[in-house]
Amino acid sequence: MDKIIKILIVDDDEVDRMAVKRYLKSAGISAEFTEAEDCADALAKLLVNRNNYTETMPDKSQHLSEVEENPKSLLSNQIFDCKFDCVFLDYGLPDGDGL
């Protein structure tokens, strides 16, 4: 059995998101897709639920505020738990860019 790849598709154009899914499916990729239409939506889908913290983390609110102020710190932040194997990210989004 093939492993199901979890993919986040971030694009403000619904047709482009559908095209990416269609191409991957036609290539025989077993995937579970999640879609986001802008940076804020994508970040919301990437952030761990606040309830997933353990009670032993003394400064969890500090980590949350750091991520909210600087989204690029997600990759090095303790509260980030990537639940996706791959992200297809459009460069031009209404509230930011792919970088």
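In this predicted model, Lys45 and Asp41 form a salt bridge whose closest N and O atoms are 2.8 Å apart. The two residues are about one helical turn from each other, because they stand 4 residues apart in helix α2 (residues 39–46). The count of salt bridges comes to 4. Side chains of opposite charge can pair when their charged atoms come close.

**The pair in helix α2**
- Lys45 is partly exposed, at a relative accessible area of 23%.
- Asp41 is likewise partly exposed, at 24%.

**A network of salt bridges**
- Lys21 counts as buried because its relative accessibility is 19%, whereas Glu35 is partly exposed at 27%.

- Asp85 forms a salt bridge with Lys3, with 3.7 Å between the closest N and O atoms.
- Asp85 lies in the loop between α3 (60–69) and β3 (86–89), and Lys3 lies in the segment before β1, 82 residues apart.
- Lys3 is exposed, with a relative accessible area of 62%, while Asp85 is partly exposed at 46%.

**A patch of negative charge**
- Asp12, Asp13, Glu14, Asp16 and Glu37 gather in a negatively charged patch on the surface.
- Asp13, one of these residues, sits in the loop between β1 (5–10) and α1 (14–26).
- Asp13 counts as partly exposed, at 31% relative accessibility.

Note on methods: Residues are numbered from 1 along each chain as its sequence is written. This is a predicted model: local features need pLDDT of at least 70, side-chain atom pairs count only at pLDDT 80 or more; totals for chains, interfaces and linings use all residues. Side-chain values use heavy atoms; hydrogens and water are left out. Patches are made of residues with over 30% relative accessible area and no salt bridge: like charges are joined within 9 Å, nonpolar side chains (Val, Leu, Ile, Met, Phe, Trp, Tyr) within 5 Å. Accessible areas come from the Shrake-Rupley method with a 1.4 Å probe; for residues, only the protein chains shown count as cover. A salt bridge is a side-chain nitrogen of Lys or Arg within 4 Å of a carboxyl oxygen of Asp or Glu. Lys and Arg count as positive and Asp and Glu as negative; His and the chain ends are not counted. The place of a charge is taken as NZ of Lys, CZ of Arg, CG of Asp or CD of Glu. Buried means under 20% relative accessible area, exposed over 50%, partly exposed in between (1.4 Å probe, protein chains only).
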